[in-house]
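Please keep the sequence and the model in view while reading.

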Amino acid sequence: MGKQNYVEDYEEKKPGIVREVLGFFVYVAIVIGITYLIITFVGQRTYVSGSSMENTLSHGDNLIVDKITYRFSSPKRFDIIVFPFRYEDNVYYIKRIIALPGETIQIRDGEIYIDGEILYESYGREVMKSAGLAADPVTLGEDEYFVLGDNRNDSTDSRDPNVSLIHRDEIIGRAWLRIWPLDEIGVLKHQ
């Protein structure tokens, strides 16, 4: 009689375990499916190559780019954006917006001037040695943005004629979340 109770108890518990394991796999599949949909339609995974955005971003960082925000609002000063390099397919740049449409930017003695006023910001890693295209005042058009890397002396950005001004329709999205390395996971600071 004791053996029969054990068999009955085992038979009653077996479907519960199977149901829990199956439920776990369904949960994991749903999480993976939602993640795939978000990355495909709302965000894009990208990685940082090079040191132009140090100390904010480092070589090898993996990011999720928010592709939906700029459908409803305009890019803001200090946003970190992703845009394609004009002269090479599948190469994307990650830079920080410094000047907005309609503004006039100039770089003198390593200082950034917006409409004649010094721009106070803490993102630049060091004093800029080269003003590039911004040595003389540059007035941005209605859909143009001036971008700089945070590592100003090791960045190819709007000061360089190969990058120059970025048009609104070139912006893929805003760097939003660092997902690698694991010890630095988190939302990126823009403002």
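How many aromatic pairs does the count come to? The count comes to 5 aromatic pairs, in a model that is predicted.

## A pair across the sequence

F78 belongs to the loop between β2 (62–66) and β3 (80–84), while Y123 belongs to the loop between β7 (117–118) and β8, so the pair ties together parts that are 45 residues apart in sequence.

F78 counts as buried, with a relative accessibility of 12%, and Y123, at 12% relative accessibility, counts as buried too. The ring of Y123 also has the charged end of R96 over it, 3.5 Å from its centre.

## An edge-to-face pair and its cluster

For F85 and Y87, the ring centres lie 5.6 Å apart and the planes stand at 80°, which is over 60 degrees, so this pair is edge-to-face. F85 counts as buried at 15% relative accessibility, whereas Y87 counts as exposed at 56%.

F85 and Y87 form one aromatic cluster together with F83 and Y93. Over the face of Y93 lies K95, at 5.3 Å from the ring centre.

## Confidence of the model

The protein chain has a mean pLDDT of 88, and 90% of its residues reach 70 or more. Among its elements, the lowest mean pLDDT (73) belongs to helix α1 (residues 2–42), and the highest (98) to strand β8 (residues 138–139).

Terms used: Residues numbered from 1 in each chain as written. Predicted model: local features only at pLDDT ≥ 70, side-chain atom pairs only at ≥ 80, totals over all residues. Heavy atoms only, no water. pLDDT = per-residue confidence, 0-100. Helix = DSSP H or I, 4+ residues; strand = E, 2+ residues; numbered from the N terminus. Phe/Tyr/Trp six-rings, centres within 6.5 Å; stacked < 30°, edge-to-face > 60°. Buried < 20%, exposed > 50% of the residue type's maximum accessible area, 1.4 Å probe, protein only. Lys NZ or Arg CZ within 6 Å of the ring centre and 35° of its normal.
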